[in-house]
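Subject: Handover of a structure for your review

Dear colleague,

Please find the structure below, followed by an account of what was found in it. I would be grateful if you would read the two side by side.

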Amino acid sequence: MEAFLASVVSVAFHGSALGMILYVISVGLSVTMGLMGFANLAHGVFAMAGGYILTTAISRFGVPFPLALVLAFVSVALGSVLLERFLYSRLYAASDLEQVLFTIGLIFIAVAVARFIYGTLQQPVVLPEYLKGQFPLLGRDFPTYRVFIIAFSAVMVALLWFGVERTRWGAMVRATVDNRAMAQSVGINTKRLFTLTFALGSGLAGLGGGLGAEIIAIQPTYPFENLVYFLVVVAVGGLGSLRGPFVAALLIGIADTACKYWLPQYGAFPIYVATIGILLWRPAGLFGRHA
Amino acid sequence: MSAHAGGYTADPRIRPIEWLPWIVAIAAFFALPDYLALGARILIFILYALSLDLIVGYAGIITLGHSAYFGLGAYVAGILSAKLGVTDPMVQLVAAAGAGAFLGLTTGAIILRTRALTLLMLTLAITSVLLEIANKATSLTGGADGLSGVVVAPVLGLFKFDIFGKTAYLYCLIVLFVGWWFVRRMVYSPFGTSLTGVRENSLRMHAIGAPVYWRLVLVYTLSATIAGVAGGLITQTNQFVGLNVLSFESAGELLVMLILGGVGRIYGAFVGPVVFLVAQDLLAKQFPEYWYFGIGVMLVLVVMFARGGVLGILDGILSRLRGKA
């Protein structure tokens with residue numbers, strides 16, 4: 001019984017860490033899809049870029065870990081502004097098929113570039129001393145880095161919620177998600193809002209990719225392999241909401257860890273079946289307002 | 001979306017130029033005997049792309065999971081042969097078609113009730129489920145090692161599959177011809193026209209009383225059936241089934257082929273695989289990094305500048321020439 005309890009705690013803990021990472025990466029996707037109706041399958045590219053920037057900055061240039069995290073966030077956000085201005089913005093009015101194809105094209109390019117620069121091997125993550133080892137909590141030992149991931153992501157999530165729910169910028173974002181034409185006609189610069197929000201979402205993905213490099217391995221096929229997970233979070237959570245993807249990410253993180261722990265012979269099978277079931281039950285996702 | 005070639009008002013008779021692909025295919029058989037294996041592969045992917053064109057190009061259903069039906073057909077043919085000892089190619093092909101049809105009907109009836117992102121997500125999830133099953137059910141599928149030991153008896157008991165791939169090439173060509181004839185008939189029928197109507201404006205189709213949902217389920221099932229046949233063919237010509245028939249990359253590559261040729265015009269599905277697979281044969285092995293980079297750049301460029309693909313560009317040139325003349 002004690003052993004079972006220990007494994008339950010362990011699964012919940014590691015699952016939460018994975019869920020938090022999935023949320024930080026995917027929340028930007030939820031917002032861009034909800035805000036702009038853009039089917040951005042290449043969102044994982046931003047997370048991969050963040051992961052590569054973080055690992056390279058630390059292992060090749062000796063940048064301290066916190067600074068490397070900031071660097072991953074800022075450079076991915078800036079890069080995404082360029083992409084948004086020059087490429088994405090031309091396709092806002094295009095059909096879903098064209099958006100899907102365009103973003104698959106971006107994935108192919110990113111995978112090739114990553115393989116060209118870094119080769120096919122997974123990038124090792126060098127952690128600073130203070131994030132290694134075990135962290136005692138309630139009479140148990142937990143890996144310090146995972147505790148850090150959960151705590152840090154929780155702070156980011158709190159900041160994001162505060163930003164969207166309590167600030168003027170957040171009110172503008174919510175207004176635009178609800179009714180873009182009306183928001184525009186009361187004088188909100190939706191174009192600039194799109195760019196800013198896109199940059200923030202992509203930056204968060206870069207941050208999540210870097211932060212989670214130890215959990216979700218950084219390798220060239222990253223955007224392909226994890227695409228399903230990011231999309232599941234957004235689709236199950238519901239487009240354009242912040243709370244939905246959070247619940248979905250935690251559910252998926254914990255369920256995935258539990259499956260790997262107790263039912264390794266089934267792989268990710270139960271997750272996909274559950275996703276199909278949830279989407280058939282609620283096509284707009286658990287917290288979605290419209291399909 | 002590209003101009004719709006066909007429709008109820010269009011002349012359904014086969015124009016002379018439509019015989020061109022078949023003349024080229026037969027000429028290639030005699031002129032390029034060293035490339036028949038590649039040729040058979042191209043023919044199979046044309047059939048596969050044709051099935052995708054039906055749902056993406058004509059019905060406007062966006063899917064990332066069409067490899068589910070192709071992969072199922074491939075595994076059904078493979079398992080029949082390697083595990084159950086059914087070696088007759090016709091039986092294998094019919095079984096692959098039946099499996100594709102069954103899965104297409106059951107999944108289509110469920111997922112076509114949804115739209116947009118949810119639909120996209122469901123197609124992806126269904127393929128992921130199949131991939132996971134194929135990966136884990138190693139006793140049946142061979143898992144990551146693939147399914148080898150596929151034996152295929154002579155076609156109709158007469159034509160043996162030879163090492164030069166002559167039989168395989170002609171066999172695939174005949175199956176493709178039947179598939180093309182069927183798809184062409186369907187596209188030019190009232191049913192095909194109603195699909196285009198759904199693609200262009202599903203609200204109005206509802207308003208005039210068309211059974212939109214059932215039309216979509218029917219075309220999805222037919223498309224899955226053809227994809228299943230294509231999957232069966234790939235197993236028979238390779239005599240091996242690997243997990244990659246179900247992968248997301250293969251579904252992506254298929255979309256690339258179709259886009260490259262041109263969507264919603266039947267012959268785009270002929271041009272795309274030829275260009276793509278020949279280029280892959282020439283370039284991919286020497287320069288794998290550049291190959292994927294090239295595909296990506298090409299996709300972005302096609303979406304940005306040439307939405308009709310190769311055939312769309314040809315159309316543009318032709319109409320400009322005519323305009324001047």
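Chain B has 14 helices and zero strands, where helices (H or I, at least four residues) and strands (E, at least two) are DSSP runs numbered from the N terminus. Before going further, please note that this is a predicted model, in which local features need pLDDT of at least 70, side-chain atom pairs count only at pLDDT 80 or more, and totals for chains, interfaces and linings use all residues. Residues are numbered from 1 along each chain as its sequence is written, while chains are lettered from A and ligands numbered from 1 in the order in which they are written.

Confidence

For the complex, the predictor gives an ipTM of 0.82 and a pTM of 0.85. The mean pLDDT of chain B is 84, with 96% of its residues at 70 or more; pLDDT is the predictor's confidence in each residue, from 0 to 100. Residues 1-8 of chain B have a pLDDT below 50, and this stretch has 20 contacts in the model beyond near neighbours in sequence. Two residues are in contact if their C-beta atoms, placed from the backbone, lie within 7 Å.

Chain B

Along the sequence, the pattern of chain B reads α-α-α-α-α-α-α-α-α-α-α-α-α-α. Its radius of gyration is 19 Å, close to the 20 Å that the globule rule gives for 325 residues, so chain B is as compact as a globular protein of that length. That radius is taken over C-alpha atoms, and the globule rule is 2.2 Å times the number of residues to the power 0.38. Along the principal axes, the C-alpha atoms of chain B fill a box of roughly 55 × 45 × 40 Å. Of its 325 residues, 51% count as buried. A residue is buried if 20 or more other C-beta atoms lie within 10 Å of its own, exposed if 12 or fewer, and partly exposed in between, with C-beta atoms placed from the backbone. Among the contacts in chain B with a separation of 6 or more, 79% are between residues 24 or more positions apart.

Chain A

Chain A has twelve helices and two strands, in the order α-α-α-α-β-β-α-α-α-α-α-α-α-α. The radius of gyration of chain A is 19 Å, close to the 19 Å given by the globule rule for 291 residues, so chain A is as compact as a globular protein of that length. Its C-alpha trace spans about 60 × 45 × 35 Å along the principal axes, and 50% of its 291 residues are buried. Of the contacts in chain A between residues at least 6 apart in sequence, 76% join residues at least 24 apart.

Helix α10(A) is mostly covered, eleven of its eleven residues being buried; among them are A:L227, A:F230 and A:G237. The cover includes α1 (2-36), α2 (43-61), α9 (222-225), α11 (243-262) and α12 of chain A, together with α5 (116-136) of chain B. Just after α10(A), A:G238 takes a positive phi of about 110°.

A:G133 lies in the loop between α4 and β1 (134-137) of chain A and counts as exposed because it has 11 C-beta neighbours inside 10 Å. Its C-alpha atom is separated by 6.0 Å from that of A:P143, ten residues apart along the chain. A:G163 is found in helix α5 (residues 144-166) of chain A and counts as partly exposed, with 14 C-beta neighbours inside 10 Å. Leaving aside neighbours within four places in sequence, A:G163 is in contact with A:W169 and A:G170.

The contact between the chains

The contact takes 38 residues from chain A and 37 residues from chain B. On the side of chain A that touches chain B, the elements giving two or more residues are α4 (96-118), α10 (227-237) and α12 (269-281). The largest share of that side, 16 residues, comes from α4(A). By class, the side has 29 nonpolar, five polar and four charged residues. Here Ala, Val, Leu, Ile, Met, Phe, Trp, Tyr, Cys and Pro count as nonpolar, Asp, Glu, Lys and Arg as charged, and the others, Gly among them, as polar.

The nonpolar core

The largest nonpolar core has 202 residues, and those with the most contacts inside it are B:L47 and B:L299. Such a core is a set of buried Ala, Val, Leu, Ile, Met, Phe, Trp, Tyr and Cys residues joined through C-beta atoms within 7 Å. Helix α2 (residues 36-58) of chain B gives the largest share of this core, 16 residues. Beyond neighbours within four places in sequence, B:L47 is in contact with B:V175, B:L176, B:G179, B:I226, B:V229 and B:A230.

With kind regards
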